[in-house]
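Work through the exercises below with the sequence and the model at hand, and try each task before reading its solution.

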Amino acid sequence: MDDPLVSVVVCHHRGRTLIDRCLKSVLASEGVEVELIVITSDPTYVNAGVRQFYLEDGPAAKRNLGTRHARSEIVVYLDDDVEIAPD
């Protein structure tokens with residue numbers, strides 16, 4: 001059976017080091033196929049490995065935008081300073 005698709009919406013404010021650690025932890029997840037969506041208020045942030053959207057509004061608006069672009073019915077919301085366990 002295929003692993004379930006999970007859309008992970010990451011709200012990014014500023015701070016390259018934090019979000020890089022967050023994204024690495026998500027990509028290390030086991031037992032799921034992950035779609036990464038980053039909603040950023042930092043116009044200089046670029047990561048070719050994720051679907052990315054620019055929005056200066058607050059976290060709630062960023063989560064709403066990410067949800068509209070999610071391909072999965074399962075959506076997980078993270079802030080850019082969160083790291084998750086692989087399992």
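A salt bridge is a side-chain nitrogen of Lys or Arg within 4 Å of a carboxyl oxygen of Asp or Glu. This is a predicted model, in which local features need pLDDT of at least 70, side-chain atom pairs count only at pLDDT 80 or more, and totals for chains, interfaces and linings use all residues. Residues are numbered from 1 along each chain as its sequence is written, and side-chain values use heavy atoms, with hydrogens and water left out.

**Exercise 1.** Find how many salt bridges the structure holds.

Solution. By this criterion, the structure holds four salt bridges.

**Exercise 2.** Determine which residue forms a salt bridge with Glu 83, and whether Glu 83 is buried, partly exposed or exposed.

Solution. The partner of Glu 83 is Arg 21, with the closest N and O atoms 2.8 Å apart. The pair links distant parts of the chain, 62 residues apart, since Arg 21 belongs to helix 1 (residues 16-27) and Glu 83 to the segment after strand 4 (75-79); helices (H or I, at least four residues) and strands (E, at least two) are DSSP runs, numbered from the N terminus. Glu 83, at 46% relative accessibility, counts as partly exposed, where buried means under 20% relative accessible area, exposed over 50% and partly exposed in between (1.4 Å probe, protein chains only).
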